Amino acid sequence: MGIEAEYAERHPNSRRLAERARRVLPSGVTHDARYLRPFPVAVERAAGSRKWDVDGHELIDYVMGHGALLLGHAHPVVTEAVVRQAQRGTHYGAGHELEVRWAELVCGLVPSAEAVRFTSSGTEATLMALRLARAATGKPAVVKFERHFHGWHDYVVAAARYDGSAPAGIPEEALGTVVVLPVDIAAVRETLASRKDIAAVIVEASGASMGTVPLPRGFLRELAGICRDAGVLLVLDEVVTGFRWAPGGVQALEGVRPDLTALAKVLAGGLPGGAVAGRADLLGLLAFPEPGKPRGVKVGHPGTFNANPLSAAAGVACLQLVSEGEPQRTASARARALREGMNSVLRDLDIPGAVYGQASVFRILLREGVEPPDGDSDGLDLPDDALAAGTESETLRLLHLAMICRGVHLFGNGGILSAVHTSEDIARTLEAWREALLALRAEGALPGDDA
Ligand SMILES: Cc1ncc(COP(=O)(O)O)c(C=O)c1O
């Protein structure tokens, strides 16, 4: 039986739910990354590194809440904190101690965080960071990098898509304020020297799309220097890397001091939440004028669910647990073992491609001309054009279906681990990987195959 037919046969309840969903939800999904043909798998419950679909299959989960679940699903301490808080009220319409504790933890862990403002998502965090930068400098334009992903608001979607398609529904005026550059330090230097209207440069700390195209070594430090010299603010997007790469994120590992940092995902322990953190004078633009002091700039910021008590409870519980770095070390070690094992299977089966990544993330690249690495790879040794081109979408789709049939749920072009993924999870994933690749080969769906 072919991969797609087997998938359809094994998942009748997911199929039925997808049919219902399509009647009321565009394409039956609520996030573009969850779209899958012929239909996505629907999940009923999750615990630790696993989740169970509506047809009763157990899946090793590498979506991990799109990266939010460094501690795995339904971590007992986080769950207890959320349940306890739910019983005490979910919205006070007033300040509360948990939001203060949450902010103290962020400022204690993230080196550049002198102050913080909570939002409801990573998208809102990058939106606010760019607004603060514009308000502080009085300049309208921002620089972003090709294919770097910062959420879905109007100022960051230019050149964020791999298919190169133009973003729809965004006024030319908004797009006109965004300068898209390649990841090339000379191009940044030249742009910042020649244009005087740039408020900030925003960059994904992992490199484009959760490390799909990693940043060259030393790039962030050089970028920080160029921005400082040009008087342009540096906004580091640590929505994925924050608290995951290390308790203090990439900035702690690389010794880079951004002016503003966007945070989300691990920050809120698996509940909705984001934050802008950074220089006290910049965050101070959100503050009300002191009585008797001259009125300066005041950036407005409402938001019904900012620092809502449930997210704050989960965030505090999670940040306390990850503050010493042990969960990050465990998750990264497991991810390294997985990347090495997956590369060894590629070499064994003589399939062109590589599995690479940083920290607890892995990326899959199946492409002709790519030699499987001997061991782990951070991606910097792989050819740039292959990294940028990625795996053919049909190959990736069939790989998703074949892996789900073998009990593994991938995320996009790879996956994300937690501290509770076990060596048994890794061993089972490697078996699934081998079998799935053989199934793709049988269908002529691997690079170089004639389908
Ligand atoms: C680097 C980065 N920035 C921003 C965002 C947007 O965050 P959210 O989905 O919470 O809006 C994401 C989401 O995946 C991300 O990966």
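Predicted model: local features only at pLDDT ≥ 70, side-chain atom pairs only at ≥ 80, totals over all residues.
**Reading strands, faces and backbone angles**

Guide: Ala141 has Ile198 as its bridge partner in E7.

Visitor: Which strand does E7 join, over how many bridges, and do the two run parallel or antiparallel?

Guide: Strand E7, residues 198–204, is joined to strand E5, residues 141–145, by three bridges, and the two run parallel. E5 also pairs with strand E6, residues 178–181, again in the parallel sense, over four bridges. On that side, Val143 stands opposite Val179 in E6.

Visitor: Is strand E5 mostly covered or exposed?

Guide: Burial is counted here by neighbours: a residue is buried if 20 or more other C-beta atoms lie within 10 Å of its own. Strand E5 is mostly covered, with four of its five residues buried.

Visitor: How do the side chains alternate along strand E2?

Guide: The general idea is that in a regular strand the side chains alternate between the two faces of the sheet. In strand E2, residues 50–53, Lys51 and Asp53 point to one face and are buried.

Visitor: What does E2 pair with on the E1 side?

Guide: Strand E1, residues 43–47, pairs with E2 in the antiparallel sense over four bridges. Val43 has Asp53 as its bridge partner in E2.

Visitor: How many residues lie between the strands in each hairpin, and which glycine has a positive phi?

Guide: The hairpin of E1 and E2 has two residues between the strands, and Gly48 in its turn has a positive phi of about 60°. The hairpin of E2 and E3 has four residues between the strands, and there Gly56 takes a positive phi near 85°.

Visitor: Which residues other than glycine have a positive phi?

Guide: Most residues other than glycine have a negative phi, and most peptide bonds are trans. Met210 lies in helix H8, residues 208–211. Phe243 is another such residue, with phi near 70°. Phe243 is placed in the loop between strand E8 (233–237) and helix H10 (249–254).

Visitor: Which peptide bond is cis?

Guide: The bond from Arg37 to Pro38 is cis, with omega near 5°. Pro38 lies in the loop between helix H2 (12–24) and E1.

Visitor: In what order do three strands form an open sheet?

Guide: The order is E11-E12-E14, and the pairing is antiparallel. Strand E11 (353–356) and strand E14 (414–416) stand at the edges with a single partner strand each, so one side of each has no neighbour in the sheet. From one strand to the next, the twist averages 5°. Strand E12, residues 361–366, pairs with E14 over three bridges. Val361 has Ile416 as its bridge partner in E14.

Visitor: Which helix lies across E11 and E12, and at what angle to E11 does the helix run?

Guide: Helix H13, residues 326–349, lies across both strands, running at about 170° to E11.

Visitor: Which residues come nearest to the ligand?

Guide: Ser121, Gly122, Thr123, Gly151 and Val239 come nearest, out of 15 residues around the ligand. Helix H5, residues 122–137, contributes the largest share of the shell, three residues. By class, the shell has five nonpolar, eight polar and two charged residues.

Visitor: How far apart are Arg101 and Gly315, in sequence and in space?

Guide: They are 214 residues apart in sequence and 9.6 Å apart in space, C-alpha to C-alpha. Arg101 is found in helix H4, residues 97–109. Arg101 counts as partly exposed because 16 C-beta neighbours lie inside 10 Å.

Definitions and conventions: Residues numbered from 1 in each chain as written. Pairing = 2+ DSSP bridges. Axes fitted to C-alpha atoms, helices over the stretch in contact; angles between N-to-C directions. Contact = placed C-beta atoms within 7 Å. Buried ≥ 20, exposed ≤ 12 C-beta atoms within 10 Å, placed from the backbone. Near = placed C-beta within 6 Å. Nonpolar A, V, L, I, M, F, W, Y, C, P; charged D, E, K, R; others polar.
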